[in-house]
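Q: Hi, I'm new to this one and would like a quick tour. Can we look at it together?
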Amino acid sequence: MEAWCLSSNSFTKSLEVGIPSIKSRIFLQPKRSSSNFHLRKATTCCQSRSNSPSPSSRDEENMFLDADWRSFRARLVAGEQAFSSQESSPATNPNNMVNQTPFVSIGDKWAHAIHEPEKGCLLIATEKLDGVHIFERTVVLILSMGPVGPTGIILNRPSLMSIKETRSTALDVSGTFADRPLFFGGPLEEGLFLVRGGEGVRNSGVFDEVMNGLYYGTKESVGCGVEMVKRNVVGVDEFRFFDGYCGWEKEQLRDEIRAGYWSVAACSPDVVGLATDGSVGLWEEVLGLMGQNKVW
């Protein structure tokens with residue numbers, strides 16, 4: 001996997017990228033700032049919600065179903081695929097088939113195609129983006145489908161530098177994350193991070209949930225991340241930091257998908273592994289999980 005070199009000033013400056021004019025119009029994104037990201041006030045950081053009334057068993061069940069709806073859908077998709085496979089098999093006796101989608105268990109890592117982009121989905125670059133250096137064979141995680149337009153970060157563009165080596169203070173409060181690698185997240189200016197965590201992270205009220213157990217924050221909320229590490233709520237290895245992000249106008253991303261520049265997939269949180277430093281092979285891995293093993 002190609003590594004991206006970031007200068008010491010790149011974290012706070014917009015990246016100038018040259019994209020071939022033959023494909024460039026769809027990627028001419030306007031500059032955005034952190035105001036385009038929905039942020040919760042950092043003053044709620046690590047506050048306990050013990051004073052709130054405890055949920056009933058039905059509330060807890062509804063909360064679980066709401067949090068795990070992607071896994072539920074993935075099981076339905078896997079079941080439908082298994083049923084279709086049985087139906088098309090010449091060895092299957094149609095008289096013995098039950099007209100019901102079988103229950104199929106899924107592992108910790110899964111991905112399947114979906115038709116429309118949604119918060120927490122992946123965009124997988126197709127062969128049409130070969131030669132577009134900044135997006136070639138990228139995997140983009142969609143963070144938000146907000147009113148301004150979709151925003152996301154490239155997951156598989158590690159740099160050769162740590163936060164300390166970029167001399168950035170924006171995401172290195174108290175030096176807690178100094179040795180964490182910095183990833184190139186996209187051509188638009190902003191410092192972002194992903195964090196994996198459980199109830200402690202969710203109850204902080206600071207970070208925005210992307211999918212079950214995976215959250216994102218900006219430089220305004222990194223101080224809360226430092227506080228959580230000091231309180232052992234979450235480990236340093238559960239954070240990944242990004243220089244820049246990707247953004248589209250409201251209908252622009254759907255136009256690009258219809259034009260064949262991106263495949264869209266839902267995935268499990270374990271596909272977005274934050275502990276590894278490189279995400280090497282993520283593009284191939286996601287296609288393999290989707291059943292598309294073709295490598296262009």
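A: Happy to! A word we will need is buried, which means under 20% relative accessible area, while exposed is over 50% and partly exposed is in between (1.4 Å probe, protein chains only). With that, tryptophan 248 and tryptophan 262 are both buried.

Q: What kind of model is this, and how are the residues numbered?
A: This is a predicted model, in which local features need pLDDT of at least 70 and side-chain atom pairs count only at pLDDT 80 or more, while totals for chains, interfaces and linings use all residues. Residues are numbered from 1 along each chain as its sequence is written, and side-chain values use heavy atoms, with hydrogens and water left out.

Q: Back to those two tryptophans: how do their rings sit?
A: The ring centres of tryptophan 248 and tryptophan 262 are 6.4 Å apart and the planes are at 85°, so the pair is edge-to-face. Rings of Phe, Tyr and Trp (its six-membered ring) pair if their centres lie within 6.5 Å; planes under 30 degrees apart are stacked, over 60 edge-to-face, and the rest tilted. Tryptophan 248 is in the loop between β10 and α7 and tryptophan 262 is in strand β11, so this pair links distant parts of the chain, 14 residues apart. Helices (H or I, at least four residues) and strands (E, at least two) are DSSP runs, numbered from the N terminus.

Q: How many aromatic pairs does the structure hold?
A: It holds 9. One of them joins phenylalanine 239 and phenylalanine 241, stacked at 6.1 Å centre to centre with 10° between the planes. Phenylalanine 239 is buried at 1% relative accessibility, and phenylalanine 241 is buried at 0%. These two also belong to an aromatic cluster with Phe177, Phe193 and Phe207.

Q: Which residues touch the most other members in the largest nonpolar core?
A: That core has 50 residues, and those touching the most other members are Leu122, Leu123, Leu141, Leu155, Leu194 and Trp262. A separate second core has 18 residues, among them Leu182, Val222, Met228 and Val229. A nonpolar core here is a set of buried Ala, Val, Leu, Ile, Met, Phe, Trp, Tyr and Cys residues joined through side-chain atoms within 4.5 Å.

Q: And helix α6, which of its residues are buried?
A: Helix α6 spans residues 222-230, and its buried residues are Val222, Cys224, Gly225, Val226, Met228 and Val229. Just after α6, asparagine 232 takes a positive phi of about 60°.

Q: New topic: how many salt bridges are there?
A: The count comes to 9, where a salt bridge is a side-chain nitrogen of Lys or Arg within 4 Å of a carboxyl oxygen of Asp or Glu. In one of them, glutamate 116 meets arginine 254 at 2.7 Å, N to O. Glutamate 116 lies in the loop between β1 (111-113) and β2 (122-125), and arginine 254 lies in helix α7 (residues 252-258), so the pair ties together parts that are 138 residues apart in sequence.

Q: Where do arginine 258 and aspartate 255 sit?
A: Both are in helix α7, 3 residues apart, or about one helical turn. Arginine 258 is exposed at 59%, whereas aspartate 255 is partly exposed at 42%.

Q: Last one: how many disulfides?
A: The structure holds 0, a disulfide being a pair of cysteine sulfur atoms within 2.5 Å. For cysteine 121, the nearest cysteine sulfur is that of cysteine 267, 8.5 Å away. Cysteine 121 is buried, with a relative accessible area of 0%, and cysteine 267 is buried at 1%.
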